[in-house]
Amino acid sequence: MTAGDQGEGYTPEQGPTNGIGYVAVVSSLEDGAPPPQLVSSMSWVIGFVSAVSLLIGLSLAFWPSSTIKVGAALLAINFLLSGVVRLVIGAMRTGYSSAMRAVMLIFGMLLVIGGVVILRNLEASAKVLLLVSVIMVGLSWIIEGVMALVDSDDAKSRAWGLVGGAVSILAGIIVLAVPGWTAVVFLWFTAIALIILGIVGLLRAFAMRRSLKAARA
């Protein structure tokens, strides 16, 4: 069949002229390109999250004590709000049993008391919060190392599994042995990581906005 038999509007490169829009839509779907509205929303979300990460990282780098206090204060506010909600539910919800309502009230009261204690002792609470975070990191490394040693029996690269597990356990033990020194390193590492991630995320968001403007031009 020749081009003339297929109609005057047909060209091998474009297909029928009355189907150009259809061909463009199919090509766009096959390429998997997200719609501009989604890209715009993603750029704003990525930019906002990255800006927050950058600000937190800079705050940890220059004002570590104050930043941790703010974190402790936010945790205390969360405790207070959660405690009040549980107190209200425990006092007004009629569908619960007496034992369940008592547990809800006690738990809510403990949360409220914990929030008040944290707010009244922000500096001490910030130090405790940091130490707890470091201890959790150390314990997680030890657990991960033990799991790596156990899983290395069935692994093809058993030697690397043993080395990785041993290093993870050793790092966890060091963290738990000197939590104060580890806390300082942990703070600096977190600050640097947040700053880098924030800058990279902002650059990505700006690049996405530029690509949208170029596509609309």
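Me: Is Leu-139 buried, partly exposed or exposed?
Reply: This is a predicted model, and in it Leu-139 lies in helix α5. Its relative accessible area is 38%. Buried would need under 20% and exposed over 50%, so Leu-139 is partly exposed.

Me: Which helix gives the largest share of the nonpolar patch?
Reply: The patch on the surface is formed by nonpolar residues, among them Val-128, Leu-139, Met-147 and Leu-176. Together the patch residues have about 770 Å² of accessible area. The largest share is 8 residues, and they come from helix α5 (residues 122–151).

Me: Which helices do the buried residues of α2 pack against?
Reply: Helix α2 covers residues 36–62 and reaches 38 Å from its first C-alpha to its last, close to the 39 Å expected. Its buried residues include Val-39, Ile-46, Gly-47, Leu-54 and Leu-60. These buried residues pack against α3 (64–92) and α7 (179–216).

Me: How are the planes of the aromatic pair Phe-62 and Trp-63 arranged?
Reply: The structure holds 1 aromatic pair. In that pair, Phe-62 and Trp-63 are 6.0 Å apart centre to centre, with 50° between the planes. Planes under 30 degrees apart count as stacked and over 60 as edge-to-face, so this pair is tilted.

Me: Are Phe-62 and Trp-63 buried or exposed?
Reply: Phe-62 has a relative accessible area of 59%, and Trp-63 has 54%. The cut-off for exposed is over 50%, so Phe-62 and Trp-63 are exposed.

Conventions:
Residues are numbered from 1 along each chain as its sequence is written. This is a predicted model: local features need pLDDT of at least 70, side-chain atom pairs count only at pLDDT 80 or more; totals for chains, interfaces and linings use all residues. Side-chain values use heavy atoms; hydrogens and water are left out. Patches are made of residues with over 30% relative accessible area and no salt bridge: like charges are joined within 9 Å, nonpolar side chains (Val, Leu, Ile, Met, Phe, Trp, Tyr) within 5 Å. Accessible areas come from the Shrake-Rupley method with a 1.4 Å probe; for residues, only the protein chains shown count as cover. A salt bridge is a side-chain nitrogen of Lys or Arg within 4 Å of a carboxyl oxygen of Asp or Glu. Helices (H or I, at least four residues) and strands (E, at least two) are DSSP runs, numbered from the N terminus. Buried means under 20% relative accessible area, exposed over 50%, partly exposed in between (1.4 Å probe, protein chains only). The expected span of a helix is 1.5 Å times one less than its number of residues. Contact means heavy atoms within 4.5 Å. Rings of Phe, Tyr and Trp (its six-membered ring) pair if their centres lie within 6.5 Å; planes under 30 degrees apart count as stacked, over 60 as edge-to-face and the rest as tilted.
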